[in-house]
Structures are given as structure tokens and as C-alpha cells.
Amino acid sequence: MRVLITGAAGGVGQLLAPELAPGHQLRLTDVRLPPGGAVADEVVVGDLTEPGLAERLCDGVDALVHLAGNPRPGDGWDRLRGPNVDVLTAVLEAAVLAGVRRVVLASSVHAMGGYHPLARRPEAVPVRDDWLPHPCCRYGATKVFAEAAARVYADSGAMSVVCLRLGGVRPAPAHRGWLDTWLGTADLGQAVRRALSAEIGFGAYSITSANTRGMCDLGAARRELGYAPTENSETYAESVPDGPPTMCAARLSTGERR
Ligand SMILES: NC(=O)c1ccc[n+]([C@@H]2O[C@H](COP(=O)([O-])OP(=O)(O)OC[C@H]3O[C@@H](n4cnc5c(N)ncnc54)[C@H](O)[C@@H]3O)[C@@H](O)[C@H]2O)c1
């Protein structure tokens with residue numbers, strides 16, 4: 001399968017490319033040179049807002065893994081709109097025109113972060129994917145938009161779309177605040193491989209490792225994608241430093257405007 005990965009020089013892309021390289025022909029793209037280019041068949045450096053670039057990149061690939069975006073939950077609309085709305089829609093348009101049959105979108109647990117205990121809903125954990133989207137911040141709202149926009153394309157029958165509501169991606173949790181949403185590298189790779197091959201028209205799935213104190217119900221991903229995570233943040237619980245919860249730290253406060 002020929003797979004285009006956007007945002008390949010980013011934190012997630014650098015971990016994902018080596019995971020996907022076996023069994024896939026990779027075309028990596030980013031505005032800066034992806035360090036993991038050695039595992040790729042092709043590397044294209046460019047800005048996805050550049051007219052015509054997304055179309056050229058989508059030409060001749062079977063699937064798109066769309067990672068390019070702004071991953072910072074504390075940012076305002078001015079910084080989120082370009083990468084998470086305009087680039088996203090340009091890439092979806094290019095993919096459908098090029099006949100790309102499968103799109104895997106990097107959504108986020110922040111799309112459901114409003115259910116997190118910090119959102120004063122302690123009864124609302126673990127969060128299930130069949131609940132209404134409930135973002136905790138502007139960033140989470142852009143991910144809900146991405147899922148909704150992608151669904152329009154999936155419903156046209158031109159392509160199938162799997163949205164992965166990724167937890168905090170790192171080889172190991174950075175501190176104890178990551179223990180509920182951590183997603184390890186092997187589990188990330190497995191989730192994307194499953195998303196590339198599952199028989200699904202459209203779906204949105206929470207994807208974390210099998211964390212003992214996880215905030216997400218992984219049942220839908222297990223049933224529909226065949227996702228079977230093998231990592232658990234608890235392995236690191238005693239060795240990582242203390243740290244604040246990562247979810248919902250970017251919730252709006254009254255009077256704030258960005
Ligand atoms: N890092 C996480 O733990 C995490 C968790 C949940 C979801 N996500 C999502 O996964 C995706 C990747 O996250 P990340 O942490 O790797 O972010 P990152 O900022 O490290 O990487 C994103 C990459 O996208 C590229 N990019 C942005 N705008 C671009 C444009 N116009 N043209 C070309 N490239 C562009 C950037 O150069 C960057 O390398 C994002 O969509 C993010 O919202 C990340």
C-alpha cells in the first residue's frame with residue numbers, strides 16, 4: 001500500500017514512519033525535512049497551503065495519514081484555524097480528487113475532553129466513542145470539526161475515513177499527568193496499521209495504550225478496528241516525576257478571548 005504521511009517531521013510523524021515502513025511504501029511530507037526520511041520511498045518538503053501541493057502529494061497514493069496540524073491545546077483560533085481547518089479541508093479536497101480511498105485522520109482525546117473529570121463530570125470516565133463529541137478547548141473543537149468534515153467525504157462513498165482520537169504520544173509518559181491518556185509508539189503504529197486496513201466507511205475512535213487508569217473506553221477501537229494495545233502507562237508510574245493532568249488545562253476561562 002502506498003501511503004502519504006503529512007506532518008511527518010512532527011513528534012507523532014517521527015515515531016509513526018518507522019512503525020509503518022515495513023509493508024508500506026511511504027511518501028513523507030512536511031514544511032521541514034522529516035528526520036526519519038531514510039525509511040521513506042519519497043520525501044517532499046513543502047507547505048500544504050501552497051496551491052497545488054496537496055493535489056500533487058495525493059497523486060498515486062492509496063491512503064493518506066493526515067498528521068499535519070497545530071497540536072497545542074492552549075492556542076487560540078488565530079493559530080489553530082490555518083493548520084487545523086484550512087489545511088485539513090484542502091487536504092481532504094485533494095485526496096478525494098486524486099481518488100485516495102482511505103484517509104486516517106489524527107484527531108485527539110481533546111475532542112472528548114469535556115467529559116474528563118477536570119470538566120467536573122467525574123462520573124463520565126471512561127469516555128465512550130458513541131457519546132456526543134464534547135471538546136474541552138478550542139483545539140478539541142477543531143478536531144471535532146475535522147471529524148465532521150471528514151464524514152462528509154466518507155458519506156459521498158469516494159473514500160473511507162478513520163479518525164483516531166489519539167492520546168498523548170511519546171515513547172514513555174513525560175510525567176504522572178500523562179498516565180491516563182498516554183499512547184506508546186508500538187500501540188500508535190498498531191492503531192494506524194489497523195485503521196489503514198479495517199473495513200470501515202467512517203469511524204472515530206479513542207486510541208490510548210491499555211492504561212490501568214485510562215480515561216477512554218477502547219471498546220469501539222477493539223471491536224471495529226481490531227486494536228489490541230500492548231502497552232500500559234502503569235509500567236512507568238513509579239519512575240516518572242509528578243506533573244499536572246494534561247487534559248483540559250486549556251479550558252476557557254470567563255472573559256478570555258483569543
Ligand atoms: N502529540 C500528541 O500527543 C498528539 C495527541 C493527539 C493528537 N495529535 C495530533 O496529531 C497530529 C500530529 O501532532 P504532533 O504532536 O506530531 O504535532 P507537531 O507540531 O509535532 O507536528 C505537526 C507537523 O505538521 C507540520 N505542519 C503544520 N502545518 C503545515 C503545513 N501548512 N504544511 C505542511 N506541514 C505542516 C509541522 O511542520 C509539524 O512538523 C496533529 O494533528 C495533532 O493535533 C497529537
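Predicted model: local features only at pLDDT ≥ 70, side-chain atom pairs only at ≥ 80, totals over all residues.
Let's begin with Tyr236, which counts as partly exposed at 25% relative accessibility.

Searching the whole structure turns up two aromatic pairs. In the one formed by Trp182 and Tyr236, the ring centres are 5.4 Å apart and the planes meet at 70°, so the pair is edge-to-face. Because Trp182 sits in strand E8 (residues 182-183) and Tyr236 in the segment after helix H6 (219-225), the pair ties together parts that are 54 residues apart in sequence.

| Residue | Relative accessibility | Class |
|---|---|---|
| Tyr236 | 25% | partly exposed |
| Pro35 | 57% | exposed |

Pro35 belongs to the loop between strand E2 (25-30) and strand E3 (42-45). Setting aside neighbours within four places in sequence, Pro35 touches Ala9 and Gln14.

Now to a pair of helices. The axes of H1 (residues 11-20) and H5 (residues 185-197) come within 9 Å and cross at roughly 65°, which means that H1 is roughly perpendicular to H5. The crossing is right-handed. On the H1 side, the contact is made by Val12, Leu15, Leu16, Glu19 and Leu20, while H5 brings residues including Leu188, Val192, Arg193 and Leu196. By type, the contact residues of H1 with H5 are eight nonpolar, two polar and two charged.

Note on methods
Residues numbered from 1 in each chain as written. Heavy atoms only, no water. Axes fitted to C-alpha atoms, helices over the stretch in contact; angles between N-to-C directions. Helix = DSSP H or I, 4+ residues; strand = E, 2+ residues; numbered from the N terminus. Parallel < 35°, antiparallel > 145°, perpendicular 65-115°, else oblique. Left-handed = near helix turned anticlockwise from the far one by under 90°. Contact = heavy atoms within 4.5 Å. Nonpolar A, V, L, I, M, F, W, Y, C, P; charged D, E, K, R; others polar. Buried < 20%, exposed > 50% of the residue type's maximum accessible area, 1.4 Å probe, protein only. Phe/Tyr/Trp six-rings, centres within 6.5 Å; stacked < 30°, edge-to-face > 60°.
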